[in-house]
2 protein chains.
Amino acid sequence: MALIVQKFGGTSVANVGRIEAVADRLLACHERGDQLVVVVSAMSGETNRLIELAHSIQSTPDPREFDVLVSTGEQVTIALLCMALIKRGCAARSYTGAQVRILTDNAYNKARIQEIDGGALLSDLDAGRIVVVAGFQGMDVDGNITTLGRGGSDTTAVALAAALGADECQIFTDVDGVYTTDPRVVNGARRLDRITFEEMLEMASLGSKVLQIRAVEFAGKYNVPLRVLSSFEDGPGTLITREEPDQMEAPTIAGIAFNRDEAKLTIVGVPDTPGVAYQILGPIGEANVEVDVIVQNVGADGTTDFTFTVHRNEMAKAEAILQRIAAELGARQVISDDRICKVSLVGVGMRSHAGVAAKMFKALAESNINIQMITTSEIKISVVIAEKFIELAVRSLHSAFDLDEPVSGDARG
Amino acid sequence: MALIVQKFGGTSVANVGRIEAVADRLLACHERGDQLVVVVSAMSGETNRLIELAHSIQSTPDPREFDVLVSTGEQVTIALLCMALIKRGCAARSYTGAQVRILTDNAYNKARIQEIDGGALLSDLDAGRIVVVAGFQGMDVDGNITTLGRGGSDTTAVALAAALGADECQIFTDVDGVYTTDPRVVNGARRLDRITFEEMLEMASLGSKVLQIRAVEFAGKYNVPLRVLSSFEDGPGTLITREEPDQMEAPTIAGIAFNRDEAKLTIVGVPDTPGVAYQILGPIGEANVEVDVIVQNVGADGTTDFTFTVHRNEMAKAEAILQRIAAELGARQVISDDRICKVSLVGVGMRSHAGVAAKMFKALAESNINIQMITTSEIKISVVIAEKFIELAVRSLHSAFDLDEPVSGDARG
């Protein structure tokens with residue numbers, strides 16, 4: 001008998017028909033003997049409807065009251081799903097975040113979970129009930145309703161799994177797992193049977209938007225096995241776990257992520273002196289512009305060039321700030337480019353395999369793709385290239401690293 | 001500085017525009033120096049939408065989950081109203097029933113309030129905040145969400161007023177007060193400045209649907225002055241209070257209530273023996289048919305006739321039961337009639353004024369209206385007559401008891 005936390009997002013509970021389908025699926029698991037804690041989001045469209053109501057009153061809604069408002073979305077779903085289970089003769093009980101006592105800090109709209117009291121839930125499970133919990137919400141120590149921010153239902157599921165010592169946390173989505181890369185770009189993209197938390201973090205933050213990053217971090221921190229599955233078809237999905245020692249010889253590369261949302265800014269000919277990076281990025285950060293890749297080359301002639309990427313929507317804002325800084329620093333020029341993309345190889349295996357970077361650059365060179373920027377981490381190599389080369393680059397790398405080929409009998413699957 | 005509890009129903013908060021209008025009104029009261037606790041219902045239509053969702057899953061929704069579902073309606077309103085107040089620069093804070101700790105029993109869908117902890121609310125008021133509370137809901141001692149049943153927001157308002165020692169509880173509705181009778185039937189119907197709790201109970205239960213009966217009972221029990229006002233226009237409304245000694249000489253009759261929802265059933269020629277009333281009404285009650293007026297005359301020849309009224313929709317059901325009982329008791333006949341109505345005179349004054357009944361029957365006789373049944377209580381006389389006479393009867397009585405005439409300078413206004 002396993003204790004499983006299952007999370008169904010807004011699309012999976014979009015209407016009464018889908019809620020009934022989720023109930024059927026839960027019943028099947030329950031009849032197999034699993035103990036189930038189910039986390040649900042608001043019915044898709046509902047959160048947006050509530051947000052629009054708020055905005056029709058306040059352009060920037062009061063944060064506390066905003067959370068009181070939007071948390072009703074999940075509360076509706078938990079009640080309806082329990083009704084569907086009870087109709088099927090299955091004992092079920094709903095809990096709001098406050099009823100579970102999912103204790104958070106008081107940062108309304110983006111609260112962080114501090115503590116979960118799983119006592120009542122475990123009693124329900126022992127009594128044979130399916131427990132249905134509203135995702136995305138909690139309460140602070142004074143009893144105020146808080147929300148975890150959009151997509152926080154994944155985090156609720158993982159946090160509950162950790163608090164209850166669940167055997168697995170299953171996130172049901174509209175895809176059937178995590179792929180080596182986007183199947184819309186590479187036909188041969190394969191579903192991974194398994195990936196590590198670290199790899200998943202790099203894949204997610206780089207644009208393979210399957211899971212919320214916070215949920216993956218949380219799962220890694222508490223070592224909660226996390227599985228991504230399809231809501232609409234059966235299948236094993238992709239299991240996200242810690243790296244296990246006997247898998248050190250697993251293939252080097254888990255997958256290829258890419259992102260075309262970024263723009264590149266270069267400030268040319270700034271003094272190559274201590275503190276210059278802060279002088280440039282300080283004002284950018286103060287303007288709440290998030291910076292992704294940062295590259296500074298060793299300078300010649302006492303000056304250097306400083307390049308970074310921001311979200312494409314923020315390019316104009318960043319460029320205006322940069323023009324001001326350039327004047328202050330006596331820089332020669334500011335160059336911006338929003339026709340770029342970022343392509344990244346991700347894999348824990350590359351830590352112990354020399355030559356991954358060389359192989360990557362060779363594959364890109366053979367396709368005549370010029371590399372504009374390079375950054376590396378322990379388990380990732382990213383390049384910034386012209387946007388027009390994105391598909392070509394991803395396909396070349398997918399093939400060069402043998403990701404197309406089904407590999408049988410190893411941990412990657 | 002007065003502490004006022006104000007309650008706005010679904011029509012008064014039907015959309016964002018009306019919520020903004022309520023905020024304007026609250027702000028004006030707040031600026032006059034009143035401390036305000038505001039109780040709101042769900043936006044009109046919202047509760048029905050939620051109930052339909054529930055019914056699309058379960059024909060008889062699970063009671064616990066039903067309360068989890070429908071309580072979201074008021075939660076949306078409290079958040080939006082607070083946003084509208086905060087936008088106007090007025091500090092405000094929302095509370096769900098559970099957050100106030102409106103403690104109820106665990107009778108889902110029709111819970112009764114047991115205890116209210118007003119501490120947090122009073123602190124907010126002292127800090128200059130307007131407090132906005134979700135009507136209609138509470139929680140039981142185990143933290144389960146409960147609802148008080150439809151219209152329970154009035155009860156929430158009165159219970160809060162009692163718990164906080166409020167100076168007045170104001171119920172804003174779509175009428176501007178309590179009238180001597182229905183103005184659609186009698187042109188000269190007058191708004192009452194004042195009415196007693198007991199009179200209001202009789203008026204409400206007899207068809208003048210302005211306030212929930214439970215709320216009036218509650219207000220009477222805790223002596224909370226209750227005022228009915230219009231949401232849409234200014235005016236003093238009608239104050240509902242205890243009878244005060246110096247008003248013993250107030251006019252005899254407060255108003256005339258009537259009801260055309262009933263049907264009359266008579267079982268003719270039942271044995272005039274002890275227990276026969278129970279033999280007849282026991283099975284009716286077991287079938288969950290509510291009985292209103294009951295009349296049994298003194299019998300001749302060892303048999304008697306037994307007549308009662310039920311809601312018109314339940315006549316067929318009651319008649320079927322009665323046919324069975326008639327056979328068992330050897331009664332002669334069962335007669336039913338759904339073309340009847342009930343007209344009632346209500347007024348605490350009639351306790352000390354002889355001749356009210358006689359005057360009533362005389363007025364009806366002068367209009368050639370035959371009286372089919374008569375029942376009386378301390379402050380009420382009701383007659384059942386043919387439905388076609390309803391307007392004629394109400395107008396005759398309104399005139400006979402001088403209710404048309406504006407009476408200046410007395411407590412009735």
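Predicted model: local features only at pLDDT ≥ 70, side-chain atom pairs only at ≥ 80, totals over all residues.
**Chain A as a whole**

Chain A contains 13 helices and 20 strands. Its radius of gyration is 24 Å, close to the 22 Å that the globule rule gives for 413 residues, so chain A is as compact as a globular protein of that length. Taken along the principal axes, the box filled by the C-alpha atoms of chain A is roughly 75 × 55 × 35 Å.

In chain A, an open sheet is formed by 4 strands in the order 15-16-14-17, and the pairing is antiparallel. Its edge strands, each of which pairs on one side only, are strand 15 (291–296) and strand 17 of chain A. From one strand to the next, the twist of this sheet averages 15°. Helix 11 of chain A packs on the sheet and touches strand 14, strand 16 and strand 17 of chain A, while its direction makes about 0° with that of strand 14 of chain A.

Strand 14 of chain A, which covers residues 262–271, is joined to strand 16 of chain A, residues 303–311, by 8 bridges, and the two run antiparallel. Particular residues can be followed along this pairing: A:Glu262 stands opposite A:His311 in strand 16 of chain A, and A:Val270 stands opposite A:Thr304 in that strand. Strand 14 of chain A also pairs with strand 17 of chain A, residues 333–337, in the antiparallel sense over 5 bridges; here A:Leu265 has A:Ser336 in strand 17 of chain A as its bridge partner.

| Helix pair in chain A | Crossing angle | Axes |
|---|---|---|
| Helix 10 (residues 276–286) and helix 11 (residues 315–329) | roughly 145° | come within 10 Å |
| Helix 2 (residues 46–55) and helix 3 (residues 63–70) | about 145° | 10 Å apart |

Helix 10 of chain A passes helix 11 of chain A in a right-handed crossing. In this contact, A:Gln279, A:Ile280, A:Pro283 and A:Ile284 of helix 10 meet A:Ala318, A:Ile321, A:Ile325 and A:Leu329 of helix 11. The residues of the contact divide into 7 nonpolar, 1 polar and no charged.

The crossing of helix 2 of chain A and helix 3 of chain A is also right-handed. What meets what in this second pair? On the side of helix 2 of chain A there are A:Thr47, A:Leu50, A:Ile51 and A:Ala54, and they meet A:Phe66, A:Leu69 and A:Val70 in helix 3 of chain A. By class, the residues of this contact are 6 nonpolar, 1 polar and no charged.

**A sheet in chain B and the helices across it**

In chain B, 4 strands form an open sheet in the order 13-18-20-19, with antiparallel pairing. Strand 13 (255–259) and strand 19 (373–377) of chain B are its edge strands, each pairing on one side only, and the twist averages 20° from one strand to the next. Strand 13 of chain B runs antiparallel to strand 18 (residues 340–346) of chain B and is joined to it by 5 bridges, with B:Gly255 having B:Val346 as its bridge partner.

Helix 12 (residues 356–366) of chain B lies across strand 18, strand 19 and strand 20 (380–386) of chain B, and it runs at about 20° to strand 20 of chain B. Helix 13 (residues 390–400) of chain B lies across strand 13, strand 18 and strand 20 of chain B, running at about 15° to strand 18 of chain B.

**How the two chains meet**

Where the chains come together, 25 residues of chain B are in contact with 25 residues of chain A. Helix 2 (46–55), helix 3 (63–70) and helix 4 (72–87) of chain B each supply at least two residues of the side of chain B that touches chain A, and helix 4 of chain B gives the most, with 11 residues. This side of chain B has 15 nonpolar, 7 polar and 3 charged residues.

Chain B is superposed on chain A by a rotation of 179° with 0.0 Å of shift along its axis, at an RMSD of 0.1 Å. The two copies are therefore related as by a two-fold rotation axis. Which residue of chain B comes closest to the rotation axis? Of the residues of chain B, that is B:Thr72, whose C-alpha lies at 2.8 Å from the axis. The same surface serves both copies, since 100% of the contact residues of chain B recur in chain A.

Note on methods. Residues numbered from 1 in each chain as written. Chains lettered and ligands numbered in written order. Axes fitted to C-alpha atoms, helices over the stretch in contact; angles between N-to-C directions. Left-handed = near helix turned anticlockwise from the far one by under 90°. Contact = placed C-beta atoms within 7 Å. Nonpolar A, V, L, I, M, F, W, Y, C, P; charged D, E, K, R; others polar. Pairing = 2+ DSSP bridges. Least-squares fit on C-alpha atoms with pLDDT ≥ 70 in both. Rg over C-alpha atoms; globule rule 2.2 N^0.38 Å.
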